[in-house]
Amino acid sequence: MNKKLLRYLDEADKAESRIAEMQEHLKTVREAQQREEDAEILKTVRGMKLSGRDLLAMLSGIQDGSVTLQQLEGAGLEEAPDAGKTHPKHVPDDAPESEVPNEENFEEMG
């Protein structure tokens, strides 16, 4: 058989083998990325320190679209397509004292 043709066949087999290895590597990397994203989401949600009912209400609102997430400048999040629209949001009745601005802080903020 033609030596050049054999060389091409061998090269194609090697390339296919490398492609299969790289696809497996990509799959592993994507799975690790997903695990890290999931861990970051859990860390963020747990950091909100919401009661069980408030957490459930917030997550349900996100899923049904009544609560939207807006992009912070430089955060890399995409703005929701309906970000300008008003949506009802669940606000806990009793916010921690540190989150309730007093009149002095309110004037400084505005």
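Visitor: Why is E11 called partly exposed?
Guide: E11 has a relative accessibility of 43%. Buried means under 20% relative accessible area and exposed means over 50%, with partly exposed in between (1.4 Å probe, protein chains only). So E11 counts as partly exposed. Keep in mind that this is a predicted model, where local features need pLDDT of at least 70, side-chain atom pairs count only at pLDDT 80 or more, and totals for chains, interfaces and linings use all residues. Residues are numbered from 1 along each chain as its sequence is written, and side-chain values use heavy atoms, leaving out hydrogens and water.

Visitor: What makes E11 and R18 a salt bridge?
Guide: Their side chains meet at 3.8 Å, N to O. A salt bridge takes a side-chain nitrogen of Lys or Arg within 4 Å of a carboxyl oxygen of Asp or Glu, so this pair qualifies. R18 has a relative accessible area of 44%, so R18 is partly exposed.

Visitor: How many salt bridges does the structure hold?
Guide: Two. In one of them, the side chains of E40 and K43 meet at 3.9 Å, N to O.

Visitor: Why are E40 and K43 said to be separated by about one helical turn?
Guide: Because they are three residues apart in helix α1. An α-helix has 3.6 residues a turn, so residues three or four places apart point the same way. As for cover, E40 is partly exposed at 42%, while K43 is exposed at 57%.

Visitor: How do you know that the length of α1 agrees with its number of residues?
Guide: Helices (H or I, at least four residues) and strands (E, at least two) are DSSP runs, numbered from the N terminus. The expected span is 1.5 Å times one less than the number of residues. For the 44 residues of α1 that gives 64 Å, and the end C-alpha atoms are 64 Å apart, so the two agree.

Visitor: What happens at the start of α1?
Guide: A side-chain oxygen of N2 comes to within 2.8 Å of the backbone nitrogen of K4.

Visitor: Is T68 buried or exposed?
Guide: T68 has a relative accessible area of 16%, so T68 is buried. T68 lies in the loop between α2 (52-64) and α3. M58 is ten residues from T68 in sequence, and the two are 9.9 Å apart, C-alpha to C-alpha. Across the chain, buried residues make up 6% of the 110.

Visitor: Where in the chain is confidence lowest, and where highest?
Guide: Helix α3 (residues 103-109) is lowest at a mean of 45, and helix α1 (residues 3-46) is highest at 96. The mean for the chain is 77, and 65% of its residues reach 70 or more. Over residues 97-110, pLDDT stays under 50. Where pLDDT is low, the predicted coordinates should not be read in detail.

Key. pLDDT = per-residue confidence, 0-100. Contact = heavy atoms within 4.5 Å. Polar contact = N/O pair within 3.5 Å; in protein donor to acceptor, adjacent residues only side chain to side chain.
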